[in-house]
Amino acid sequence: MADTVISFTTIEYPDEASMQTARDVFQDEMGALADKLRPLGMIRFHSSRLFMPEGKFMIGNWLEYRDMAAYEACDKVWQETGEEFAEKYGHLFEGVTVIPHRGEVIDDYS
């Protein structure tokens, strides 16, 4: 388990309507993306609505990869997909703050 790499990205939206609009688009798009990532070593991919103080609208995307090589292979796909999404859905990201976090699992208490 120590070689497992995680990626947790928070996405903060300016309001609930923009978050829901983006979520609707992502529900249509992320299944195909996950299908590309699995053979490259993605283990898990889920999105969560985060409990935030009133007035904050945030989603967290959690991805887990088999190892650093899998993360690097999947990151190339993410970069390409990000460019495609920017062309198609750039308007959904006006006023949105995206903060990526990456790390290697060092202990697993599950």
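This is a predicted model: local features need pLDDT of at least 70, side-chain atom pairs count only at pLDDT 80 or more; totals for chains, interfaces and linings use all residues.
Colleague: Let's take helix H2. How do you know that its span agrees with its number of residues?

Modeller: Helices are DSSP runs of H or I with at least four residues, strands are runs of E with at least two, and both are numbered from the N terminus. The expected span of a helix is 1.5 Å times one less than its number of residues. H2 covers residues 68-89, which is 22 residues, so it should span 32 Å; the end C-alpha atoms are 29 Å apart, and that agrees.

Colleague: What makes you say that the buried residues of H2 line one face?

Modeller: Buried means under 20% relative accessible area, exposed means over 50%, and partly exposed is in between (1.4 Å probe, protein chains only). In H2 the buried ones are Ala 70, Tyr 71, Cys 74, Val 77, Thr 81, Phe 85 and Tyr 89. Looking down the axis of H2, they fall within an arc of 130°, so they line one face of the helix. That arc is taken from the directions from the helix axis to the C-beta atoms.

Colleague: Which residues of H2 are exposed on the other side?

Modeller: Those are Ala 69, Lys 76, Glu 80, Glu 83 and Glu 87.

Colleague: And what do the buried residues of H2 pack against?

Modeller: They pack against strand S1 (5-13), helix H1 (16-37), strand S2 (42-49), strand S3 (57-65) and strand S4 (97-104). Contact here means heavy atoms within 4.5 Å.

Colleague: Now the rings. How many aromatic pairs are there, and why is the pair of Phe 26 and Phe 85 called stacked?

Modeller: The whole structure has six aromatic pairs. Rings of Phe, Tyr and Trp (its six-membered ring) pair if their centres lie within 6.5 Å; planes under 30 degrees apart count as stacked, over 60 as edge-to-face and the rest as tilted. For Phe 26 and Phe 85 the centres are 5.9 Å apart and the planes are at 15°, so the pair is stacked. Phe 26 sits in helix H1 and Phe 85 in helix H2, so the pair ties together parts that are 59 residues apart in sequence.

Colleague: Why is Phe 85 called buried?

Modeller: Its relative accessible area is 10%, so Phe 85 counts as buried. Phe 26 is buried too, with 16%. Both residues also belong to one aromatic cluster, together with Tyr 89 and Phe 93.

Colleague: What makes Phe 45 and Trp 78 an edge-to-face pair?

Modeller: They are 5.7 Å centre to centre, with 65° between the planes. Phe 45 is in strand S2 and Trp 78 in helix H2, 33 residues apart. Phe 45 has 21% relative accessibility, so it counts as partly exposed, and at 24% Trp 78 does so as well.

Colleague: On to charges. How do you know that Glu 12 and Lys 56 form a salt bridge?

Modeller: A salt bridge is a side-chain nitrogen of Lys or Arg within 4 Å of a carboxyl oxygen of Asp or Glu. The closest N and O atoms of Glu 12 and Lys 56 are 3.4 Å apart. Glu 12 is in strand S1, while Lys 56 is in the loop between S2 and S3, 44 residues apart.

Colleague: Last one: what makes the link between Ser 7 and Arg 102 a polar contact?

Modeller: Their side chains are joined at 3.0 Å. A polar contact is a pair of N or O atoms within 3.5 Å; within protein, one must be able to donate a hydrogen and the other to accept it, and residues adjacent in sequence count only if both atoms are side-chain atoms. Ser 7 is found in strand S1, and its relative accessible area is 5%, so Ser 7 is buried.

Key. Residues are numbered from 1 along each chain as its sequence is written. Side-chain values use heavy atoms; hydrogens and water are left out.
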